Every structure is written in structure tokens, then in C-alpha cells.
Amino acid sequence: MLVSPSLILLGVFVYGFLGWNLRVSLSDWRGLRPDYAYAGTDNYQRLPDDTRFTDDVENVLVFTAVFVVGTLLLGFLLALLIERGVRGEGFFRGVFLFPMAISFIATAIIWRWLLNNAGGAQETGLNKLFGQVGLDFLANDWFKSRGTWAPAAIALPAGWALSGYVMALFLAGLRGVSDDLREAARVDGANEPRVFWHVVRPMLLPVVMSAVVILAHISLKTFDLMFAMDVESRKIETPALYMWFTTFDGLNFSRGAAIATLLVAGISVVVVPYIWYSIRMERRR
Amino acid sequence: MLLLGACGDDDDDSGGSAAISNEFEFFSWWTGGGDSEGKEALLALFADQNPDVEIVDSAIAGGAGTNAQAELANRLLADNPPDSYQRHAGKELVADIEADEVEDLDSLYDDEGWRDVFPEQLLDLITSDGKLYSVPVNIHRSNVLWYNPAVLDEVGIAAPPTTWDEFLTQATTLEAAGKIPLTVGPTWTQQHLLENVLLGELGPDVYSGLWDVSTDWESAEVVDALDMFTEVLGHSNLDSAAADWQPAIDPLIEGDAAYNVMGDWADTYFRVEKELTWETDYGATTSPGTDGVFNFLSDTFTLPQDAPHRETAIEWLKLAGSKEGQDTFNPVKGSIPARIDGDPSLYTDYLQVPFEDWTDPSTTIVGSLAHGVVADNAWKTEIDSALQEFVESGDAEGFAGAVKQAYEDTQN
């Protein structure tokens, strides 16, 4: 009984609106006047031929891959370093976590400056730093580079913002492995790498799973970071941004809804297996 | 305290006396750099004339109005319009008219005698289905080529180019001297450049024909003009294009670049923000090939259907269209009045040039693509899409075909 009000709210504001969005995506609503007349799957059929949409999908996949893998590695490395014991652990944890407290808009504005690729008097940020320490060959066009790697540069600020959080997850996971277990393995003659691989690693699997799910869904819905980095740049546009521009600038509500539906489907691909896995794990207990 | 709180919360007309709750909600994207100062001056005048009215200023910043337009779409869909809202003059308003969101203002134009004081070519461009739905408060010019005279001197260029061909010749000289010939910014500034290259290459008649497709986008002439755009971009800093129009102008101010095509709001940036002197530190002329042509854009105000305070909104529109209102607003904002009877002594330095051209009856007036005059939002968004593809690929025929196709998809 206690949970029923939240069930009702969830039903209306999540599933109700998802259904409404689906309905709009199957209509031909363009312009300011709502039009729910059923128009079939036209909007979905056109998207694969829309180069803007397919480019955006490619961009979000590059971004997701670099962001998720990079953030996991960096977060894990930080956790490992802290776990090995440092002086002033609390201070470092705070410093690493802090970027998460800054909004993606502010993050983007800082990094827009850091990743500027202009030369001459306009040279700033990392490129200038590389030039000053004699690492000129590292200077590059970052998120303005031609080709498919521009979204990878956006993974830098995103990873900067979230690796502290992943570190905290891993740190909790590492601390959760009891010393008795490790001791037992050591007594049995295992060296440190083997202790890690056979004892610690399996117990970190749930942490990795939840970190991946959190990072992947953030990655698929990230909007503000790209918007503030370089507004309307197709090099770093993702489907979430295309959805916004076509809906609110072009007033093509049905196409926007179709893209939104596909985004939900994309996120489900990550989240549903995770939920299924967690339920199965709980049943086992 | 309690009483004060109650008064402040009173935002509907139904309760209390009309005198207390007479609000006026004013929606715009005027939030910075000359815009907000102009707005404050105009609202102050409105407050003087209507002391009983409490003005609610709902301004939304960012993206040359794109953020505000998204918020506005939400409010119109929710049947919660402000009392008057800003739109660019022209086709940007078409979706609102089609959705029956705005009242036509023909009788207001008759009563105020506005048909005689606004140029006929302007009224033609903002008329929809034979009716006028908005009041223009200002005029900006799009076809302006800004330059740094010191840079031109340094490399031995006597005068800015008068054709885009001449620009290409100068570009070689500039590049040899290590200067960037032309700077560009984000996508909308590239579109701004495109419209002026098209205008310069095609002339006003063929250019205007692009927007009702009486000019064939896929004709050799248009494709040649589009190829010229690609060549021009080849001499720009496209690969490191800034994220906004002001940083795109900075290399020019710092002497690293020679030219930038931007509307005449750039004057405020040079003069006020960078404290430079007109004609000594920076210069401007019509963009190549557009002498005698005025590519305009304008901010207008509307009367929404179901405006909560319709009478006050009409008073506001009367002020926005009046000589006094326009002469109060424009010198501060850094634009010129849409009326041709503005006071010339108020428009000095750079503004004198567009003022004289606007009021000169022999000037040909055409409308801007990037600023909502000639293409409605649905078509313009598709053009945006195709343009970004075109800028990357240089495929002029593909772009022309895509724009034409998008016209057919969106204008039925």
C-alpha cells in the first residue's frame, strides 16, 4: 500500500509519457498544432536514409566506447592507487570526486577552452601547453578534427567529470573484499597478481556491471556537454541533439519523437540485461 | 510581509481589481550586449506611459534566439502565451500563423498609419496571406563585410573587395603574408556567409527567387555560386571555427585576419566591448557584389491569440511601432529603425551607413535566410542539416538537390 502512490506517478510520468511519445512518433505532427493522426512507421523508415541521423549514431557509438572504457580504466586506476594506501586519502577522494559536482555546461565551457585548436594569438589550452613543453606532435584538432574521432575528444571532459565517481564505486568494491579471503589465498601460496585475479576480480564484477550501466546510459543521453562545447556542430552531434533541433527548431515533432523512441530502445539494450542479471543474482541468494 | 507576498503572487486578472493586477508579460531573447540595454530603455518608456502596468520581462538567453524559441514553442503548445513575444520578421512566424496562435494586426497598421512609414518592400516580405501579423521594431543588415584596415595596409591591399572573385585574389596575397583572409564561426554564421555569397553572385532578383523556388536551385548559375561559397570557405579558418560570432571576430581585431561577414550588430562588439574607433580601427562595407542591396533582418513583436492582457499588449505594440519607441530603442541596441522617418542625428558612426541606405528609396531590399526572413523554421532546419553536410563535402549539386527536396517536403 505504501508504494502505490509512487507506482501511480511512475505509471503516468514514465510509462504514460513513453506511450505518448510512441504515439507522436507514429503520427505526422509538424508545426505548432498537435496532430495525432496515425501515419504509420514513416518516420522510422526515413531515419536510416537520413545521413544526419546515421552520422549521429556513429558519433554516439564512438563517444560511448571511448568514454565508458576510458572512465572505467581511469576510475579503477585511481581506486587502486588509493587502496594501496596514500597519505591524506580523504583529500584525494574529494579532489577526484569534485568534477562530478560541476554541471556539464560549465565543464564544457572549461574544456572548450582547453581543447581549442586555433593557432597564433588564439592558441590556448592543451595545444599551447604541449607547445611550451616541446610536445608539439601531441597538438591536434580535438573535437574539431575531421573524420570519426571528434566525439572521442568529448569523452575527455565527460571522463574527467565521472572518473572520480567510478573510483568511489571501485574503492567500495575493493574494500568489500575481506582480508580473510586474501590472507587465505596468500597462505595457499598465491602471489599478489594471482590473489587479485582469482580472489578480488570476481568480487568486483557487480561493481563493473553497475558502473558500465551508469556510464552507458549517461553517454546515450548526454546533451548539454555537446551543446555547450560547439553548438550545432555536426562533428559531435548525437541523436539526442538531433532530436532537440528537429523538434524545437524545425517543429518536426513526429521525427523528434521517433528519434527519442530509438534512444529509449538503445538505453534498454544496456539496462534490461542488467536488471535481468540483478534479479537472477538476488534469486540465487 | 504577508500582504506584500499576497500582492506579488497575484498573477491573474480574475481576482482583485484590474488596476493592481494589470501585468504585461514580455517575451524576448534580448539578454546581452546592447540588446538588453535597448530593451531596458524601451520598457522604461513603456512604464512611463503606463504607470499602472507591472512589466514581467521573460527573457531567455542564448544561441541567437534558438533557446527562447524552444521555450516559446512549449508555451504556445500549452496555450500559455505571453502577452507579446519576439520573432524575427518574415517566415519565422509562419508556423504560428498556421497554428492560429497570433492575431492579425491590419487594423492596427491602418489606425497608426504604419503602411506609409515602413518601406513597402519590407511590408511585402513580412506579409502572410495578405495580412500583417507582427510589428518590426528595428532593422539589422546582414550583408556587411567587416575588416581591419591595418591588416589591409600591411599587405598592400587598397580597398576591400567588391566581388567574390576579387576576394579570392586578395586571399592569395593575405595568405602569403600569413593572414587568415576570412573568419567564420558556428553553423549559423556559415549560413549567414552563404546567403551573402549567393546574394553577391546571383544578384537580388535571382537570390529572392531562391526562396519561392522560382529560381531553380539546381541550375548551373546557383551551383556555380555554391561552388564559390566552397572556394571562399577554403580561405577561411573553418577548421578551427569559433563557437560563437564574437570570438570569430577576435582574430580580425588582433590583426591575424582581414575579413568577417557578419550583421551590423558586430558594430556594438567593436565599438562598445572592444572600445575601437569606427573607420580607424575597424571598417565595414557591403559584402562583395551587394552594393545598393540591403539584406535585412528585423525583430518583431506579435499579439498572441488569447494574450492574457490584450489591451496592454496593443499599447505595447503601438509604442514598439512608433517613431518615439524606435528612436529610443535602436541607438542603444545598435540597430536602425524600421520606419523611414527616424531621427538621423541619433544614428552616428557606422550606423549612419545602414540608416542612409535603408531610407534611400532606390535601395533594393531582400531578406535574410539565417535570420528567419525568407524560409520558415521547418525548411530552414532542413537547410541547416544539408549545409553542414555541404560544408564538409563541398558537393554543391548535392546541397542544391537537398534544399529543393526539403522545400517540397516541408512546404505542403
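In this predicted model, helices α9 (187-209) and α16 (377-393) of chain B each supply at least two residues of the lining of the largest cavity. The largest share of that lining comes from α16(B), which gives three residues. The space in the largest cavity is about 240 Å³. Of the 18 residues that line this cavity, the closest to its centre are Ser233(A), Lys235(A), Thr187(B), Gln190(B) and Glu392(B). Sorted by class, the lining of the largest cavity has six nonpolar, five polar and seven charged residues. The structure as a whole holds five cavities of 30 Å³ or more.

**The second largest pocket**

The second largest pocket holds about 800 Å³ of space. It is lined by 36 residues, and the closest to its centre are Asp50(A), Tyr242(A), Arg255(A), Glu382(B) and Asp409(B). Two or more residues of this lining come from each of α2 (42-46), α3, α11 and α12 of chain A, and from each of α16 and α17 (396-410) of chain B. The class counts for the lining of the second largest pocket are 10 nonpolar, 13 polar and 13 charged residues.

**Contact between the chains**

Chain A brings 33 residues to the contact and chain B brings 36 residues. About 2800 Å² of area is buried between chain A and chain B, and carbon and sulfur atoms give 45% of this area. On the side of chain A, the residues that lose the most area to chain B are Leu32(A), Arg146(A) and Glu232(A), which together account for 23% of what that side buries.

Between chain A and chain B there are 13 residue pairs in polar contact, with both residues at pLDDT 80 or more. The helices of chain A that each supply at least two residues of the side touching chain B are α3 (51-83), α10 (224-229), α11 (239-249) and α12 (253-284). Among the elements of chain A, α11(A) gives the most to this side, with five residues. By class, the side of chain A that touches chain B has 13 nonpolar, six polar and 14 charged residues.

**Salt bridges**

Side chains of opposite charge can pair when their charged atoms come close. Over all chains, the whole structure has 32 salt bridges. Five salt bridges are counted between chain A and chain B. Two salt bridges of the model are listed here.

| Residue pair | N to O distance |
|---|---|
| Arg255(A) and Glu382(B) | 2.5 Å |
| Asp35(B) and Lys333(B) | 2.8 Å |

The salt bridge of Arg255(A) with Glu382(B) joins chain A to chain B. Both of these residues are also listed with those closest to the centre of the second largest pocket. The salt bridge of Asp35(B) with Lys333(B) links distant parts of chain B, since its two residues are 298 residues apart. Asp35(B) is in helix α2 (residues 35-49) of chain B, and Lys333(B) is in helix α14 (residues 323-333) of chain B.

**Chain A as a whole**

Chain A has 12 helices and zero strands. Along the sequence, its pattern reads α-α-α-α-α-α-α-α-α-α-α-α. The C-alpha trace of chain A spans about 70 × 65 × 30 Å along its principal axes.

Technical notes:
Residues are numbered from 1 along each chain as its sequence is written. Chains are lettered from A and ligands numbered from 1 in the order in which they are written. Side-chain values use heavy atoms; hydrogens and water are left out. Contact means heavy atoms within 4.5 Å. Buried area is the accessible area (1.4 Å probe) that two parts lose on being put together, summed over both. A salt bridge is a side-chain nitrogen of Lys or Arg within 4 Å of a carboxyl oxygen of Asp or Glu. A polar contact is a pair of N or O atoms within 3.5 Å; within protein, one must be able to donate a hydrogen and the other to accept it, and residues adjacent in sequence count only if both atoms are side-chain atoms. Helices (H or I, at least four residues) and strands (E, at least two) are DSSP runs, numbered from the N terminus. Ala, Val, Leu, Ile, Met, Phe, Trp, Tyr, Cys and Pro count as nonpolar, Asp, Glu, Lys and Arg as charged, and the others, Gly among them, as polar. On a 1 Å grid over the protein atoms alone, a cavity is a set of points where a 1.4 Å probe fits but cannot get out, and a pocket is an open set with protein on both sides within 12 Å along at least five of seven lines; lining residues have an atom within 4 Å of a point. Grid points are joined across faces, edges and corners, and a volume is the space filled by probe spheres set on the points.
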